[in-house]
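This briefing covers a single structure and is arranged by topic.

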Amino acid sequence: MTARLHSYAFTAQTTVAARHQVRTTLTGRVVRGEGVAYRLRVGHRRTEVVRTRRATYVRKLPGQWARLAHPRAVTNPTATLLALLRGMTAVEVRGGPAGSKQVRGRIDPPTARAAGIPADGRPAEVAVTLDRHAHVTAVVVRTGTQAGRHAVTAVVHTSYRGFDHVSAIHPPV
């Protein structure tokens, strides 16, 4: 079902815990064939990005848009989700409210890295929630990695909504 979606909206909240906890929030939308648009919040810093087929635009909020001359690769939320789903080994499946299901499992470190998820050599724990239409509505990934000499725990809570009903993505300038 996920591979066939034309568009959807997402919110990913990441908590990284080493000496202190740091939280980031990524909220955006994906439209197949048009691009991805999102806002990233790390602490009090907010950045907005619009990536279309031909260009990438960035601005720190509040601020003016800039078109990147040499854009860096931007995470592809659909490819990340599909890599995670295809590489997951299910351990448990539970029924939930209104016909939803939750699948718990693991992904090995190479699959995690391919999906853009940090890994420290141990499998990452994953929980996927599906609605009655087989849409992925939530994913929780718990993993560990190294940051310098420190062991770090990362937990990512991602929710998905607006399946095939999000607004188009256009260059902002």
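Beyond its neighbours within four places in sequence, Met 1 is in contact with His 133, Ala 134 and His 135. The model is predicted. A search of the whole structure finds one cavity of 30 Å³ or more, and the structure also holds four salt bridges.

- Met 1 and Val 136 are separated by 135 residues in sequence, while their C-alpha atoms are 8.4 Å apart in space.

- The largest cavity holds about 40 Å³ of space.
- Its lining consists of Thr 2, Leu 5, Tyr 8, Leu 81, His 135, Val 136, Tyr 160 and Phe 163.
- By class, six of the residues lining the largest cavity are nonpolar and two are polar, with no charged residues.
- His 135 is one of the lining residues and is also among the contacts of Met 1.
- Val 136, whose C-alpha lies 8.4 Å from that of Met 1, is another residue of the lining.

**Salt bridges around Glu 48**

- Side chains of opposite charge can pair when their charged atoms come close.
- Glu 48 forms a salt bridge with Arg 39, in which the closest N and O atoms are 3.6 Å apart; this pair qualifies because the cut-off is 4 Å.
- Glu 48 is also joined to Arg 59 by a salt bridge, with an N to O distance of 2.8 Å.
- Since Glu 48 lies in strand E4 (residues 45-52) and Arg 59 in strand E5 (residues 56-60), this pair ties together parts that are 11 residues apart in sequence.
- Glu 48 is buried, at a relative accessible area of 14%, whereas Arg 39 is partly exposed, at 41%.

**Salt bridge between Arg 94 and Glu 92**

- The side chains of Arg 94 and Glu 92 form a salt bridge with an N to O distance of 2.8 Å.
- Both partners are partly exposed: Arg 94 has a relative accessible area of 46%, and Glu 92 has one of 30%.

**Network**

- Through salt bridges that share partners, Arg 39, Glu 48 and Arg 59 are joined into one network.

Definitions and conventions: Residues are numbered from 1 along each chain as its sequence is written. This is a predicted model: local features need pLDDT of at least 70, side-chain atom pairs count only at pLDDT 80 or more; totals for chains, interfaces and linings use all residues. Side-chain values use heavy atoms; hydrogens and water are left out. Buried means under 20% relative accessible area, exposed over 50%, partly exposed in between (1.4 Å probe, protein chains only). Helices (H or I, at least four residues) and strands (E, at least two) are DSSP runs, numbered from the N terminus. On a 1 Å grid over the protein atoms alone, a cavity is a set of points where a 1.4 Å probe fits but cannot get out, and a pocket is an open set with protein on both sides within 12 Å along at least five of seven lines; lining residues have an atom within 4 Å of a point. Grid points are joined across faces, edges and corners, and a volume is the space filled by probe spheres set on the points. Ala, Val, Leu, Ile, Met, Phe, Trp, Tyr, Cys and Pro count as nonpolar, Asp, Glu, Lys and Arg as charged, and the others, Gly among them, as polar. Contact means heavy atoms within 4.5 Å.
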